[in-house]
Amino acid sequence: MPKVAIKAVGVVKTFGEGAAAITALRSVDFEARFGEMPYIVGPSGSGKTTLLSVLSGILRPNAGSVVVDGVDIWKLDVDSLASFRLHKIGFVFQDYHLFPRLTTAENAAIPLIVKGQDWESSVREASKYLDIVGLKERAGLPPVKLSGGEQQRVAIARAISSRPEILIMDEPTASLDGETGRNIVSFVKRNILNENRCIVVVTHDNRIYEYASRIIMMEDGRLKGEMSVPHS
Amino acid sequence: MNGIFLLAFKLLVNDRAKFSALVIGITFAVFLMVQMTALFAGILIRASSTVINIGASMWVMDPSVQTVANSIGMPDYLLDYVRSIPGVKFAVPLYSGAALLKLPSGLYQTATILGLDDTTLFGRPQLLQGRIEDIYAENSFIAVDDPEFSKLEYPKIGTRFELNDNRAIISGIAKVASPSLFGMPTLYTTYYRALQYVPNPRFTVSYVLVEPKSQADIPGIKDAVRRLGYLALTADEFIAKISAFYKFQTGIGINILVMTVMSFIVGLSISGQTFYTFIIENMEKFGALKAIGATNRQLVMMILFQSGFTSLTGYGLGVGLIVVIIAIAKLRLPDYASTINYFNLSIAFLMAAVISAISSYFGVRRVLRIEPFDIFRG
């Protein structure tokens with residue numbers, strides 16, 4: 001059985017205080033293993049993105065623990081946690097958050113640059129990942145010259161350029177048409193997912209359910225169990 | 001260059017409109033600050049032009065003297081007294097006054113008259129035309145070719161004036177290190193001729209110029225002069241006294257200060273607001289970097305680099321611009337009194353650094369506060 005990549009136990013997250021407090025996560029237990037691509041699905045406001053943020057070390061829970069690749073991440077100090085994210089976790093944001101004034105290759109190189117690698121070698125190395133996502137010819141263009149699907153692929157190249165074991169994808173198809181969305185997720189499953197990597201996807205796009213390893217339903221801050229993965 | 005700084009650099013300069021606005025703001029502020037302080041420095045130097053041009057190590061004067069142009073006559077015996085002070089190598093009198101000239105055209109012009117010690121001609125200017133010994137010729141005066149020279153109608157050797165109904169003949173044309181502030185041409189002659197030509201009160205010695213035997217003798221000379229009720233200052237101290245007068249006892253200092261502060265505020269307003277807007281517009285990018293794993297220290301370094309680079313660029317352009325403007329102004333306006341020195345360059349640099357620091361402070365605060373979770377939430 002593959003190793004556990006992420007294990008969250010009793011995670012609670014509350015926003016605000018007193019009467020205005022809203023509990024977004026209510027004692028959530030979650031587990032994902034290397035080599036799988038679980039989806040967390042559910043309606044808006046169910047707590048999917050909050051859970052993803054807690055699992056990836058960018059939102060501190062009020063209670064519970066999150067162990068990523070054997071490290072209890074919420075016991076790390078701020079800088080160690082940042083370093084952990086940089087080396088272990090890749091992010092694909094819903095709105096991509098590409099830098100419009102950098103080229104595609106430079107965008108893909110950002111995690112390497114943040115790691116302290118020099119600019120030229122970072123961009124050179126990132127170009128390999130652009131090749132993986134099929135955008136090598138577009139390396140010198142700014143993101144604004146690319147289509148939505150291409151921008152999403154640049155975001156994927158950026159997320160994997162630092163060779164993270166965990167990939168976090170937040171609504172990866174939200175800004176894409178159905179076919180492009182399916183192509184992107186299919187591409188990720190075929191080319192990015194491997195036995196040493198775990199990809200956690202938050203989505204409410206049922207058109208891409210078929211690519212999931214498991215589909216975990218979430219509602220009102222609680223995991224409601226798994227649903228069966230539809231076949232293509 | 002470290003990759004993170006190059007990233008900061010590209011984010012900054014690739015946003016050309018913002019970068020231009022930032023640089024223009026600081027350039028404009030530095031330009032104004034250097035212009036104001038250079039103008040003031042120029043005024044102060046010109047106010048001390050006689051001290052600089054005469055070149056004496058020490059000046060003995062009445063304690064009430066505020067500027068070199070407003071000398072107060074001292075009795076002749078003071079010269080003998082000073083010469084008798086131990087540590088004095090030599091001491092000579094200097095006459096400094098003003099007289100009304102009637103030019104060959106018939107027009108009148110006030111001129112500064114400097115009377116040099118007859119025996120030594122100590123403090124004589126460097127001659128461009130003529131021979132220094134001709135200063136002893138009858139009615140002889142040496143005209144200084146400075147920005148006020150034209151007011152003497154460009155005299156040549158042999159040109160005649162009337163000076164208090166006396167005949168005056170130009171026997172030489174000289175140049176000096178520093179032109180005068182007061183818009184009057186300068187004539188050099190001997191001490192005794194100056195006394196003969198210019199009406200004077202009972203006491204006639206404007207200054208006693210002193211050369212000490214050594215630096216160690218200066219305090220003793222000062223003390224001996226003070227005991228007689230007069231004041232002995234080194235040239236630097238005299239220049240400082242004149243500067244202090246213009247800074248604190250005229251409106252010039254405070255006006256220049258106000259203008260300099262206003263330039264600083266203008267620069268701070270433009271650059272501060274633009275830089276803050278730049279940070280706000282890039283907030284989600286900083287948030288994304290934070291989510292990816294950039295530390296707060298890296299983000300702070302990026303912002304400091306961006307504001308520092310902008311300030312240095314603006315500073316360089318501002319200084320370059322003012323140097324060109326002053327050079328052109330001096331070609332066209334010989335009386336334009338502006339001097340760029342290390343002091344006003346340092347002041348402008350310091351203020352540009354403060355603008356940079358304040359601008360980046362607010363940016364840093366915002367960036368440190370941003371939560372990467374906000375990026376997930378969109």
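Analyst: Here is a walk through the cavities, one after the other. This is a predicted model, where local features need pLDDT of at least 70, side-chain atom pairs count only at pLDDT 80 or more, and totals for chains, interfaces and linings use all residues. Residues are numbered from 1 along each chain as its sequence is written, chains are lettered from A and ligands numbered from 1 in the order written, and side-chain values use heavy atoms, without hydrogens and water.

The structure holds two cavities of 30 Å³ or more (a cavity being a set of points, on a 1 Å grid over the protein atoms alone, where a 1.4 Å probe fits but cannot get out; lining residues have an atom within 4 Å of a point). A volume is the space filled by probe spheres set on the points, which are joined across faces, edges and corners.

The largest cavity comes to about 60 Å³. Its lining includes A:Leu86, A:Phe91, A:Pro111 and A:Arg158, plus B:Ile292 from chain B. Strand S6 (89-92) and helix H6 (148-160) of chain A each give two or more residues, with S6(A) giving the largest share, three. (Helices, H or I, at least four residues, and strands, E, at least two, are DSSP runs numbered from the N terminus.) By type, that lining is six nonpolar, two polar and one charged.

The second largest cavity has a volume of about 50 Å³. Among its lining residues are B:Leu22, B:Phe275, B:Thr310 and B:Ser359. Helices H2 (16-47), H8 (252-281), H10 (296-332) and H11 (342-369) of chain B each contribute two or more.

Notes:
On a 1 Å grid over the protein atoms alone, a cavity is a set of points where a 1.4 Å probe fits but cannot get out, and a pocket is an open set with protein on both sides within 12 Å along at least five of seven lines; lining residues have an atom within 4 Å of a point. Ala, Val, Leu, Ile, Met, Phe, Trp, Tyr, Cys and Pro count as nonpolar, Asp, Glu, Lys and Arg as charged, and the others, Gly among them, as polar.
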